[in-house]
Amino acid sequence: MDQVHLDLQQAIEDGLELGSAKVQRIIGRHLEWIKGYYTPTAEIYPGFGQSVCRA
């Protein structure tokens, strides 16, 4: 999970858009990690990411 956070931070610093292929691959890795604990719905998952980014 730490590497996912580092990769997202780098993507932000690089100015990558959320829809870019690289960012979406990172988000996919994050989603797979989350699924190890529970399966979020399509409606819940984006909100989860927003709450984590504010922490």
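1. How many helices and how many strands does the protein chain have? The protein chain has 3 helices and 0 strands. Along the sequence, the pattern reads α-α-α. Note that this is a predicted model.

2. The protein chain has 55 residues, and buried ones make up 16% of them. Its accessible surface is about 4,200 Å². Carbon and sulfur atoms account for 59% of that surface.

3. Next, the packing of two helices. Helix α1 covers residues 2-13, and helix α2 covers residues 21-34. The two pack at an angle of about 155 degrees. Their axes lie 10 Å apart. The angle makes α1 roughly antiparallel to α2, because angles over 145 degrees count as such. The crossing of α1 and α2 is left-handed.

4. Then the residues at this contact. From α1 come Gln3, Val4, Asp7, Leu8 and Ala11. They meet Val23, Ile26, Ile27, Arg29 and His30 of α2. By class, the contact of α1 with α2 holds 6 nonpolar, 2 polar and 2 charged residues.

5. His30 sits in helix α2. Is His30 buried or exposed? His30 counts as buried, because its relative accessibility is 8% and the cut-off for buried is under 20%.

6. Which residues does His30 touch, leaving aside its neighbours within four places in sequence? His30 is in contact with Met1, Val4, Tyr45 and Phe48. Val4 is also among the α1 residues listed at the contact with α2.

Terms used. Residues numbered from 1 in each chain as written. Predicted model: local features only at pLDDT ≥ 70, side-chain atom pairs only at ≥ 80, totals over all residues. Heavy atoms only, no water. Axes fitted to C-alpha atoms, helices over the stretch in contact; angles between N-to-C directions. Helix = DSSP H or I, 4+ residues; strand = E, 2+ residues; numbered from the N terminus. Parallel < 35°, antiparallel > 145°, perpendicular 65-115°, else oblique. Left-handed = near helix turned anticlockwise from the far one by under 90°. Contact = heavy atoms within 4.5 Å. Nonpolar A, V, L, I, M, F, W, Y, C, P; charged D, E, K, R; others polar. Buried < 20%, exposed > 50% of the residue type's maximum accessible area, 1.4 Å probe, protein only. Areas by Shrake-Rupley, 256 points an atom, 1.4 Å probe, with all protein chains shown as cover.
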